[in-house]
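This briefing is meant for someone meeting the structure for the first time. It begins with the sheets and then turns to the core, the side chains and some local backbone features.

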Amino acid sequence: SEDFDQAANAASTMHDTVTNNSRLTCRFAGVYQITGHGAMQVSAAGTQRAIRVFLNNTTVIGGPIDFTPSATSQQMGLSTLYKLAVNDFVELQVFQNSGGNLTFSTSAFCMARVG
């Protein structure tokens, strides 16, 4: 889902809610502030939780930021500045090693052109 997409028309949206809906796609070249945060399901199992921003399904451009599992809170987040070209896309990825599935609820994944 999305709160808003500031693109001028349907052909230039940064987020497609149907196709490749995990991506934010750059439509205008420039420097972008890319931010993601959310909460992972609480579990005492495992020793690692991490979050990162991945560019074009090939390159880590933000993070990984590692978090120590907690029995009470699994809030995770990061922010990075990066120069993007037209049609570059970014995705927010999380990792955990609890040995089972843990839900990650994204509270925000966004990018804004700052230069």
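This is a predicted model: local features need pLDDT of at least 70, side-chain atom pairs count only at pLDDT 80 or more; totals for chains, interfaces and linings use all residues.

- Strand β2 (residues 30-40) is joined to β7 by nine bridges, and the two strands run antiparallel.
- Within this pairing, M40 of the structure is found opposite F104 in β7.

**Pairing around β3 and β6**

- Strand β3 (residues 49-55) has six of its seven residues buried, so this strand is largely enclosed by the rest of the structure.
- On one hand, β3 is joined by six bridges to strand β4 (residues 59-67), with the two running antiparallel; on the other, seven bridges join β3 to strand β6 (residues 89-96), also in an antiparallel arrangement.
- R49 illustrates both pairings, having F67 as its bridge partner in β4 and Q96 as its bridge partner in β6.
- Strand β6 also pairs with β1, in the antiparallel sense and over three bridges, and in this pairing the bridge partner of R23 is E91 in β6.

**The nonpolar core**

- The largest nonpolar core has 18 residues, and those that touch the most other members are I34, V53, L84, V90 and M111.
- At least two residues of this core come from each of β2, β3, β5, β6 and β7.
- When neighbours within four places in sequence are left aside, the contacts of V90 include I34, V53, L84 and M111, and among the others are S22, R23, L24 and F109.

**Charges and rings**

- The charged end of R23 sits over the ring of F89, at 3.7 Å from the centre of that ring.
- How many aromatic pairs does a search of the whole structure find? The search finds zero aromatic pairs.

**Turns, loops and a cis bond**

- The strands β3 and β4 form a hairpin in which three residues lie between them, and N56 in the turn has a positive phi of about 50°.
- N57, which is placed in the loop between β3 and β4, has a phi near 60°, a positive value in a residue other than glycine, and is partly exposed with a relative accessible area of 48%.
- N87 lies in the loop between β5 and β6 and, although not a glycine, has a positive phi of about 75°; at 48% relative accessibility, N87 counts as partly exposed.
- The peptide bond that leads from G63 to P64 is cis, with omega near 0°, and P64 itself lies in strand β4.

Notes: Residues are numbered from 1 along each chain as its sequence is written. Side-chain values use heavy atoms; hydrogens and water are left out. Buried means under 20% relative accessible area, exposed over 50%, partly exposed in between (1.4 Å probe, protein chains only). Helices (H or I, at least four residues) and strands (E, at least two) are DSSP runs, numbered from the N terminus. Two strands pair if DSSP finds at least two bridges between them. Rings of Phe, Tyr and Trp (its six-membered ring) pair if their centres lie within 6.5 Å; planes under 30 degrees apart count as stacked, over 60 as edge-to-face and the rest as tilted. A charge sits over a ring if NZ of Lys or CZ of Arg is within 6 Å of the ring centre and within 35 degrees of the ring normal. A nonpolar core is a set of buried Ala, Val, Leu, Ile, Met, Phe, Trp, Tyr and Cys residues joined through side-chain atoms within 4.5 Å. Contact means heavy atoms within 4.5 Å.
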